[in-house]
Amino acid sequence: MGLAIARKLREQGMDVAVFDIQPPPEPLPYYQVDIRRDREIRAAAEQLPRVDVLVNNAGVYFERYLEDTTDEEIDRMVDINVKGTCRVTRDLLPKLLESRGSIVTVASCLGLVPELTSPLYCTTKAGLVMLTKCLAQQYADRGLRVNCVLPGPIDTPLLRASFPNGAAAERCAGRIPMRRIGRPEDVANMVAFLVSEEAGYVTGGAFPVDGGVSSSSLYSK
């Protein structure tokens, strides 16, 4: 999803810089950053003369019932999904406020509806939805817009790794109201809209890109 977002924003004429623990698969300005380490975030941020848009996209996922989750697994997921997002946002806030920019955080539709096999992941993503709402309220009068995108199942290496076989992927698609797994470009298109001038009156929103998953019910299955 990060690569699709970077491509889309570049198509719209933006200069894109990537913070990640490994280089992107395409030639993009890149800063090696582990978002669990504040000094790395700050060092990279100092090299950016201006920041108009921040897209928080880093995250980890695994399925595990809470009683089977180790302390190490709890720490890793919270450190990356929640604390890392908070650190990056905090450290780039001065530049974003100066530019009266925009923040988009990639959360998940599982921040709205539960997946019984991944309660910790759902909890971290629900936290990002509330972080979005809080920051949107706090900075609205200073011209900073803050929104989040809630992807459903998207065809990424992270999702494919969770399928033991092709039949499992088909079953997943069959449970989605639109009967297909999403594409990274579906998410990128929503991000591009939210950071554009066309969304200039939009802040504090949580926008599902999930084929209808978060709005379905037992009766629609």
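Predicted model: local features only at pLDDT ≥ 70, side-chain atom pairs only at ≥ 80, totals over all residues.

User: Is Thr124 buried or exposed?

Analyst: Thr124 is found in helix H4, residues 119–139, where helices (H or I, at least four residues) and strands (E, at least two) are DSSP runs numbered from the N terminus. Because its relative accessibility is 2%, Thr124 counts as buried.

User: Which residues does Thr124 touch, not counting residues up to four places away in sequence?

Analyst: A polar atom of the Thr124 side chain lies 2.7 Å from the backbone oxygen of Tyr121. Contact here means heavy atoms within 4.5 Å. With residues up to four places away in sequence not counted, Thr124 touches Met77, Val78, Asn81 and Val82.

User: How are H3 and H4 oriented to each other?

Analyst: Axes are lines fitted to C-alpha atoms, for helices over the stretch in contact, and angles run from 0 to 180 degrees between N-to-C directions. The axes of helix H3 (residues 71–99) and H4 come within 10 Å and cross at roughly 15°. Angles under 35 degrees count as roughly parallel, over 145 as roughly antiparallel, 65 to 115 as roughly perpendicular and the rest as oblique. H3 and H4 are therefore roughly parallel.

User: How many nonpolar residues are in the contact of H3 with H4?

Analyst: On the H3 side the contact includes Met77, Val78, Asn81 and Val82, and on the H4 side Tyr121, Thr124 and Leu128 are among the residues that meet them. Ala, Val, Leu, Ile, Met, Phe, Trp, Tyr, Cys and Pro count as nonpolar, Asp, Glu, Lys and Arg as charged, and the others, Gly among them, as polar. Beside four polar and two charged residues, the number of nonpolar residues in the contact of H3 with H4 is 13.

User: How many charged residues does the contact of H2 with H3 have?

Analyst: Helix H2 (residues 38–45) packs on H3 at an angle of about 25°, with the axes 10 Å apart, and that angle makes H2 roughly parallel to H3. Asp38, Ile41, Arg42 and Ala45 in H2 meet residues of H3 that include Arg87, Arg90, Asp91 and Lys95. By class the contact of H2 with H3 has four nonpolar residues and no polar ones, and its charged residues number six.

User: Are H1 and H7 roughly parallel or oblique to each other?

Analyst: Helix H1 (residues 2–11) has Ala4, Ile5, Ala6 and Leu9 as its buried residues, and these pack against strand E3 (53–56), strand E4 (102–106) and helix H7 (184–194). The buried residues of H7 are covered by elements that include H1, E3, E4, strand E5 (145–151) and strand E6 (206–209). H1 and H7 pack at an angle of about 45°, with their axes 8 Å apart. The two helices H1 and H7 are therefore oblique.

User: Is Arg100 buried or exposed?

Analyst: Arg100 is found in the loop between H3 and E4, and its phi is near 55°, a positive value in a residue other than glycine. Most residues other than glycine have a negative phi. Because its relative accessibility is 56%, Arg100 counts as exposed.

User: What is the relative accessible area of Arg179?

Analyst: Arg179 lies in the loop between helix H6 (166–175) and H7, and this residue has a positive phi of about 60° although it is not a glycine. Arg179 is partly exposed, with a relative accessible area of 48%.

User: How far apart in space are Pro94 and Arg64?

Analyst: Pro94 is found in helix H3 and is exposed, with a relative accessible area of 53%. Pro94 and Arg64 are 30 residues apart in sequence, and in space, C-alpha to C-alpha, they are apart by 38 Å.

Notes
Residues numbered from 1 in each chain as written. Heavy atoms only, no water. Buried < 20%, exposed > 50% of the residue type's maximum accessible area, 1.4 Å probe, protein only. Polar contact = N/O pair within 3.5 Å; in protein donor to acceptor, adjacent residues only side chain to side chain.
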